[in-house]
Amino acid sequence: MIFASVAVEPDDAAVAKILTQGRSHNARQGITGVLCHGHGIYLQLMEGNRSAVNQIYAKVLQDPRHRDAELLYFAEIQERGFANWTLGHVRLEKLNASAVLKYAERLPLQLDALNGAAVRAMLLDLAATAAIAHK
């Protein structure tokens, strides 16, 4: 599953809290994935048991740190692309603009311009190029 949302409090403290809580919860639930943030948005990819992933997304929809959440991509997978990360971390603004523009219409990223398949491809590319931080 991949979703995007508007970051209500996009500061470092809010992101750090989401990462800490997410990593702990994901480790217990067998969820893997990555959280990207920047340009006032969150992008998150989650892999794992369908029920557990759906429960997390339902909580995100009620989480006051997120606004206007949109489901971008949902599919069953044969193999995890983010098995090394309970919740990897990417700061979108630190990425080379051309790397992002390969998958997006324009910068800064806007929710209404995101394509789920393109975002998935971008995240898989980031995983392959070691652009995802563990901590």
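Which residues point one way from strand 2, and which the other way? In this predicted model, for which local features need pLDDT of at least 70 and side-chain atom pairs count only at pLDDT 80 or more, totals for chains, interfaces and linings use all residues. Residues are numbered from 1 along each chain as its sequence is written, and side-chain values use heavy atoms, with hydrogens and water left out.

T32, V34, C36 and G38 point to one side of strand 2, whereas G33, L35 and H37 point to the other, and all are buried, a term that stands for under 20% relative accessible area, with exposed meaning over 50% and partly exposed lying in between (1.4 Å probe, protein chains only). In a regular strand, side chains alternate between the two faces of the sheet. Strand 2 is accordingly described as mostly covered, with seven of its seven residues buried. Strands here (E, at least two residues) and helices (H or I, at least four residues) are DSSP runs numbered from the N terminus.

The sheet to which these elements belong is open and consists of five strands in the order 4-1-3-2-5, with mixed pairing, where two strands are taken to pair if DSSP finds at least two bridges between them. Its edges are formed by strand 4 (66–73) and strand 5 (88–91), each of which pairs on one side only. On average, and with direction ignored, neighbouring strands of this sheet are turned by 20° against each other; axes are lines fitted to C-alpha atoms, for helices over the stretch in contact, and angles run from 0 to 180 degrees between N-to-C directions.

Strand 2 (residues 32–38) pairs with strand 5 in the parallel sense over four bridges, and G88 in strand 5 is the bridge partner of V34. With strand 3, strand 2 pairs in the antiparallel sense over seven bridges, and T32 stands opposite E47 of strand 3. The hairpin of strand 2 and strand 3 has two residues between the strands, and in this hairpin H39 takes a positive phi near 60°. H39, which is not a glycine, lies in the loop between strand 2 and strand 3 and is partly exposed, with a relative accessible area of 25%.

Within strand 3, Q44 counts as buried at 8% relative accessibility. When neighbours within four places in sequence are left aside, Q44 is in contact with M1, I2, F3, V34, L35 and L87, contact meaning heavy atoms within 4.5 Å.

Helix 1 (residues 12–29) lies across strand 2, strand 3 (41–47), strand 4 and strand 5, and runs at about 160° to strand 5. Helix 4 (residues 116–128) packs on the sheet and touches strand 1 (2–7), strand 2, strand 3, strand 4 and strand 5, its direction making about 90° with that of strand 4.

In strand 4, D68 has a positive phi of about 55° although it is not a glycine, and it is partly exposed, with a relative accessible area of 44%. A69, also placed in strand 4, counts as partly exposed at 24% relative accessibility. Residues up to four places away in sequence not being counted, A69 touches A4, S5, Y57 and L61. The C-alpha atoms of A69 and A16, which are 53 residues apart along the chain, are separated by 19 Å.

A further backbone feature is found at the peptide bond from L107 to P108, which is cis, with omega near -5°. P108 is located in the loop between helix 3 (97–101) and helix 4. Most residues other than glycine have a negative phi, and most peptide bonds are trans.

About 60 Å³ of space lies in the largest cavity, where grid points are joined across faces, edges and corners and a volume is the space filled by probe spheres set on the points. The lining of the largest cavity comprises L43, V100, Y103, A104, L109, A113, L114, N115, A118, V119 and M122. Helix 4 gives the most to this lining, with three residues. The lining residues divide into 10 nonpolar, one polar and no charged, with Ala, Val, Leu, Ile, Met, Phe, Trp, Tyr, Cys and Pro counted as nonpolar, Asp, Glu, Lys and Arg as charged, and the others, Gly among them, as polar.

Technical notes: 1 Å grid on protein atoms, 1.4 Å probe; cavity = no way out; pocket = protein on both sides within 12 Å on 5 of 7 lines; lining within 4 Å.
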